Amino acid sequence: MAHTNAPTGRSIPLAGRGIRLAFVLPALILLGLFFVLPLISVAREAAAENGAAFGRVLRDPVFWQGVKGSLVLGTLAPAFSVVVGFLVALHLSRLSEGVKALALFAISLPLTFSGLVIAYGFILVFGRSGFVTLLLAKLGADPAVVGGFIFSPVGLGLAYSYYLIPRVVLVMLPVLSNFDRSQIAAARSLGAGNITAHLDVLVPQVMPALITAFCLTSAVAIGAYGTALALVGTQVNILPLVLYSKISDAGSDFPAAAAISLLLMGLCCLVVGVAELFRPRRVV
Amino acid sequence: MLATVLYLLFLIAPIALLALGSVGQSWTNTLLPSGLTGEWYAQLAADPSFQRAFLTSLKVVAATCVLNTLIAVPLAYAIHASARRGAKAAARILTLLPIATPELVLGFGFILVFSSDTLPWLGSIWLLIAAHLVVTLPYLINILLADMAHLKLDELERVAATLGAPFSSRFIDIVLPLLRHSLLSGLITVSAISIGEFQISNLIAGFLTRTYPITLLQAFYGATGFACAATIVLLVLAILASAAGALTARAARAG
Amino acid sequence: MSVRFENVSFRYPGGTGGVFDIDLEIATGELLAVIGPSGSGKSTLLKLLSGFAVPDTGRILVDGRDVTRLPPHERALGVVFQSYALFPHMSLWRNVAYPLKVRKIAKKERRARALDALARVGLADFAERAPPSLSGGQQQRVALARALVFSPRALLLDEPLSALDASLRNDLRDEIVRVQRGAGIATLHVTHDQEEALSMGDRVAVMHAGRLVQVAKPRELYDRPLNRTVAAFVGHANLWPGVVEAAGRVGTPLGLLACDTTGFANGAQVTVLARPEAVQPLAELPNASRPNVFYGLVNADRFLGAQRRCDLEVGSGIVRIETTIRTAIHAVSIPPEAIRLLPPDSTASQNPAHTGKPS
C-alpha cells in the first residue's frame, strides 16, 4: 500500500475561503492603515540618518535615567501587584460563586478607569496635602517627605498597582479556582504546616501563571504614561515621559523620539513574549 | 482575607475622596473638605470647553461602537471558522497588541503618518475614532471568541449544516442571535475604555476635537472641587458601563 | 435510501490517522453499528458521510447518487451528535422546525410537522420550552426528532448515548431503534460501546487502525470473530496462543486441547478462543472421560450479583469463567465445539476478508 503517495484529504471549514477573506478584510484595512503604517513610519523615522538617532539617544544621560526609572517601575509595581493580586485571588477562589462574581466585578472596575482618575484620586490620598499625608503628619511624619513619595518612581508604582492588581487577579483566579485543594489537605495530612503546604504544593504549580501575570503587568507599567503625566508632569524620569517630552516639545528631535519609541516597544514586546512563554493554557 | 480587605480599602479610598471633594465647599490643607455644595457640578455643566469635550467623547464612543461591530464580528467569526492553527495564533497576537505596543508609540506613529500632506488627518475626529477602534478592537475580539468557544458555536453550526442550512442561513439564524449578548457586553467594555482613553487621544486630538479626559487633565491644575467633580463624572460613566456590561454578561450566561 | 462507501480512503493532513479502503453498504431500513477503539477511524467515517471531510480517493453514494463532494447542507442526512447540540436560543418546536424553515416551508406547516415529530418522541407537551430546561435524555430525543423531521435520506448517530447516565441509556436505545424502524431509514451508528452496538445493530462493523476488520450480524460477530482483534474487542474472551499438533489437537499453555482444526495445517500458529460463559466450571475432576478437562486453582473470584467471574490457573495459562454456580470450583471443562481457532495477529489485519454487503 503506497500510503505515502496518497493525496491529502481535506477537512471542510465552516465557512468558505472567500467568505473568510471578505470577513477579515475590514479589520486588515483598519489595522494596516492605523496600526502597521504608523509603526512602519516610526521605524523609518528612526532609521532616517542611517540610524544616527540611536547613537544620539544612547549617549543621552536623560535616556538612561529614563531606562533606569522604567526598570525600577517595571519591576516594583508588578512585583507588588503580583503579591497582593495573588493573595486576593487566593481568597476569592475559596468564596462561593455569587460572592466571587460580585468581588470580581468590584476588583475589575479599575481596568476601565482612565489613568487620570487614578492619578487625581492618589493626589487626594497621598499628595502633599492628601488624606494619608496629613493623617501621618499628625503622628509626626514630615508631610514634605510623605507627600513627595507619590511623585517618585516607587510611589508611581503604588499608583500603577491600582490598575495592575486587577489584571493579576484576572490571570490568577481561574488557575487558583481550578487548583485541586485536596492536594493542600493531603500535604497537611502528611505533616506539612499550612504555609509550608501552600509554598511546597500550590506555588510551584501556579508559578507559570505568576510569571505571566508579572510580565503582563510589567509591560503595562513600562509602556503607560497617562497616570504618570497627570501625577507628576514630566518631572519623573521614566522612559515614556522622556519620549513624551521629546514628542510634544516644539522643534524637537523626531528621529531620536522614533529611536526611543522602538526601544520602548522592543522592551514591551520582550516582556510580553516572556509572558506568552509561560502562559497557562486556556487562560486569557 | 486581610489582604482582600486592605486591598478593597486601597481600591475605595481614592474614589471616596474624589466623591467627597466634588461636593465639598473648600478643601485646602485639611483632612477632609468642609461645607456641602453642588456648585462644582453646576460649574462643570456650564463650562463650554467641558461641554464640547463631552460631546466629542460621546461621538467618538458611538462611532467606535458601531464601526467595531462591523469589523469585529466578521473578524472573530473568520478566526473561529478557520481550522488553521495560524488563525488562532493571529488572534492571540491581536489580543496582545494593546500591551505590547504602548499607545504613546502608536500615537507618535499617527503624528508621523497623518501630519503629512498626503494624509493630513491629524486633529480630525475620524482619526480619533480610528485610533480608538485600533485600541479597543482586541478587547471585543477577545470577548467574542471566548463566547464562541463557550457556546460551542462550531458544533451548533455543524448541526445546522446537516439540517440543510447554507452559510447565509447559519450566520443569520444561529451565529448572530447567539452572539448578541456577548456583543452587547463587549461593546459596553469598548465604551468604557473609549470614554476614558487618554494616552493616544492626547497626542492626536485637535484643539476642537479634545475628548473629555484631555480637558480633564487641564482641570487638575485648577480648583480641587472642580477637578473632583470633573473626575467623578468620568468615573461614574466607567462604573455605569462596567455594571451594565457585567449584567448583560450575566444575562447571557443565564440564557 | 441506502448508503454506500466505495473504496474510500482519507488521511488526516500531516498525520497517520484516517480511514483506508473502506467498502461498505447500508441498506434501506438497516441500522449498521460501527465500533472500534478511539482513534480507529469510526468518527472519520461519519465525518466523510456527513460532508465535513472529503475523501482522498473513492466515492460515497446515497440513494445511488454520488455525494462525495457535496457540502453538508445539500446532503439531506439527519445527524444526531453526542452533545445534543440543540440551538439554545430556540424553543423545542423551533429547533425541530429549523430544517423545515431552511427548506422554506410555510410556518403553519412547519409548526404542525415539528409538533408531530416531538409527539413521536413523547415530548409534545414541551414544545414551547427552552432546551437548557430539559434533561440530557430529553434533549437527545429532541435532537433525534429534529434529525428526522425533514425525511432525510439516511440517519447518522454519533455516539448519541455516551453523554447520558447508564440508567437512561437503555431506554433511549430502545427508543432510537423504534423511531429508526418507524422511519425505515438507512442508519449509521457510531459507538464505542460494544453492548450498544450488538443490541441495536442489524449488523455491526468493527474498525481497527482505520480499516474495517469485520462486518457481520451481531451473533455471527460474537460467535465467529474473524481474528483476535475482533474477538478481544467484542465481548469477553479467553485468548490463548496455540500450535496445531495434529488434526483435532492444539497445544496451548493449558495443555493439549481437542477441537476442530479444519483449515489449519499441522504446526500452524493459532490463537485459541473460548468465551468465558462457554467454559464449564466443575467442582471436582470427573471420573467419566470428557475431553478438555483440566484441574485448576482459583486465583481470582469476583461476585457480580447475577454472575460470578473466576480466573482459574491451569498449567501455565489462565482460564476465565463466567458462571452462575456458587459452589467451589476446582476444575474446568472446555467443550470442543465452544473452541474456535483464529489466525495469529500478524496475518489478521492483512486479510480483511470481511463481507461488505448486507446479508
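1. Starting with chain B: 54% of its 255 residues are buried, where buried takes 20 or more other C-beta atoms within 10 Å of a residue's own, exposed takes 12 or fewer, partly exposed is in between, and the C-beta atoms are placed from the backbone. Keep in mind that this is a predicted model, with local features needing pLDDT of at least 70 and side-chain atom pairs counting only at pLDDT 80 or more, while totals for chains, interfaces and linings use all residues. As for labels, residues are numbered from 1 along each chain as its sequence is written, and chains are lettered from A and ligands numbered from 1 in the order in which they are written.

2. Now the layout of chain B. There are 11 helices and 2 strands, and the order along the sequence is α-β-β-α-α-α-α-α-α-α-α-α-α. Helices here are DSSP runs of H or I with at least four residues, strands are runs of E with at least two, and both are numbered from the N terminus. Along the principal axes, the C-alpha atoms of chain B fill a box of roughly 70 × 55 × 30 Å. Of the chain B contacts with a separation of 6 or more, 74% join residues 24 or more positions apart; a contact means C-beta atoms, placed from the backbone, within 7 Å.

3. Helix 6 of chain B deserves a look. Its 27 residues reach 37 Å from first C-alpha to last, close to the 39 Å expected at 1.5 Å a residue, the expected span being 1.5 Å times one less than the number of residues. At B:Thr136 the helix bends by about 40 degrees, and the proline B:Pro138 follows within four residues. That bend is the angle between axes fitted to the seven residues ending there and the seven starting there. Just after helix 6 of chain B comes B:Lys152, with a positive phi of about 55 degrees.

4. Which residues touch the most other members of the largest nonpolar core? They are A:Met172, A:Leu231, A:Ile260 and B:Leu144, in a core of 279 residues. Such a core is a set of buried Ala, Val, Leu, Ile, Met, Phe, Trp, Tyr and Cys residues joined through C-beta atoms within 7 Å. Helix 6 of chain B (residues 125–151) gives the most to this core, 16 residues. Leaving out residues up to four places away in sequence, A:Met172 touches A:Gly85, A:Phe86, A:Ala89, A:Ala209 and A:Ala213.

5. On to where chains A and B meet. Each chain puts 64 residues into the contact. On the chain A side, helix 1 (residues 17–47) gives the most, with 16 residues. By class, that side of chain A has 51 nonpolar, 11 polar and 2 charged residues. For these classes, Ala, Val, Leu, Ile, Met, Phe, Trp, Tyr, Cys and Pro are nonpolar, Asp, Glu, Lys and Arg are charged, and the others, Gly among them, are polar.

6. Chain C touches chain B too: 20 residues of chain C are in contact with 16 of chain B. Strand 7 (77–80) and helix 2 (92–102) of chain C each supply at least two residues of the chain C side, and helix 2 has the largest share, 3 residues. The chain C side divides into 14 nonpolar, 4 polar and 2 charged residues.

7. Within chain A, helix 5 (residues 115–126) has 12 residues that should span 16 Å at 1.5 Å a residue, and its end C-alpha atoms are 16 Å apart, which agrees. Buried residues make up 12 of the 12 in this helix, including A:Gly115, A:Tyr120 and A:Phe126.

8. A note on domains, whose bounds come from an automatic or database domain assignment. Chain A gets domain 1 (17–47) and domain 2 (61–278), with 31 Å between their C-alpha centres. In chain A, 4 residues of domain 1 are in contact with 6 residues of domain 2. Chain C is divided into domain 1 (3–223) and domain 2 (237–342), whose C-alpha centres lie 40 Å apart.

9. Finally, two loop residues in chain C. Most residues other than glycine have a negative phi. C:Asp63, however, has a positive phi near 55 degrees and sits in the loop between strand 5 (57–62) and strand 6 (65–66) of chain C. With 14 C-beta neighbours inside 10 Å, C:Asp63 counts as partly exposed. C:Ala209 also has a positive phi, near 50 degrees, and lies in the loop between strand 10 (203–208) and strand 11 (211–216) of chain C. C:Ala209 counts as partly exposed because 17 other C-beta atoms lie within 10 Å.

Conventions: Two residues are in contact if their C-beta atoms, placed from the backbone, lie within 7 Å.
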